[in-house]
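Visitor: Could you walk me through this one? I'd like to start with the geometry and then move on to packing and the overall form.

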Amino acid sequence: MSKALTIVGMVVAGLIGLLFAVDWAVGIPFSGADWRMNLGALIAAGLLGYLSWDAMKDVR
């Protein structure tokens, strides 16, 4: 169960990172929201991805 949750965390981090990266580059889906919001979301997604990856190493 814990391994599945870490994988879900990495998938969510990837989707959120992709969503905000596309918004920053193209302006879709949030109509090009403020660059600080996009940057903050990308940093948070990267942090979530790293923490999920690190937790997955501990689960093995």
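Visitor: What should the 25 residues of helix 1 span, and what is the distance between its end C-alpha atoms?

Guide: This is a predicted model, and in it helix 1 covers residues 2–26.

Visitor: What follows helix 1?

Guide: Helix 1 is followed by Gly 27, a residue with a positive phi, near 95°.

Visitor: OK, packing next. Which residues of helix 1 are buried, and what do they pack against?

Guide: The buried residues of helix 1 are Thr 6, Gly 9, Ala 13, Gly 17, Phe 20 and Asp 23, and they pack against helix 2, which runs over 35–59.

Visitor: And across the chain, how much counts as buried?

Guide: Of the 60 residues in the chain, 20% count as buried. The chain exposes about 4,200 Å², with carbon and sulfur atoms supplying 73% of that area.

Visitor: Switching to the overall form: how many helices and strands are there in the chain?

Guide: The chain has two helices and zero strands. Its radius of gyration is 13 Å, well over the 10 Å that the globule rule gives for 60 residues, so the chain is more spread out than a compact globule. Along the principal axes, its C-alpha trace spans about 40 × 15 × 10 Å.

Visitor: Last one, charges: how far apart are the mean positions of the positive and negative ones?

Guide: The chain has 4 positive and 4 negative charges, and their mean positions are 10 Å apart.

Notes:
Residues numbered from 1 in each chain as written. Predicted model: local features only at pLDDT ≥ 70, side-chain atom pairs only at ≥ 80, totals over all residues. Heavy atoms only, no water. Helix = DSSP H or I, 4+ residues; strand = E, 2+ residues; numbered from the N terminus. Expected span 1.5 Å × (residues − 1). Buried < 20%, exposed > 50% of the residue type's maximum accessible area, 1.4 Å probe, protein only. Contact = heavy atoms within 4.5 Å. Rg over C-alpha atoms; globule rule 2.2 N^0.38 Å. Areas by Shrake-Rupley, 256 points an atom, 1.4 Å probe, with all protein chains shown as cover. Lys, Arg positive; Asp, Glu negative; His and termini not counted. Charge placed at Lys NZ, Arg CZ, Asp CG, Glu CD.
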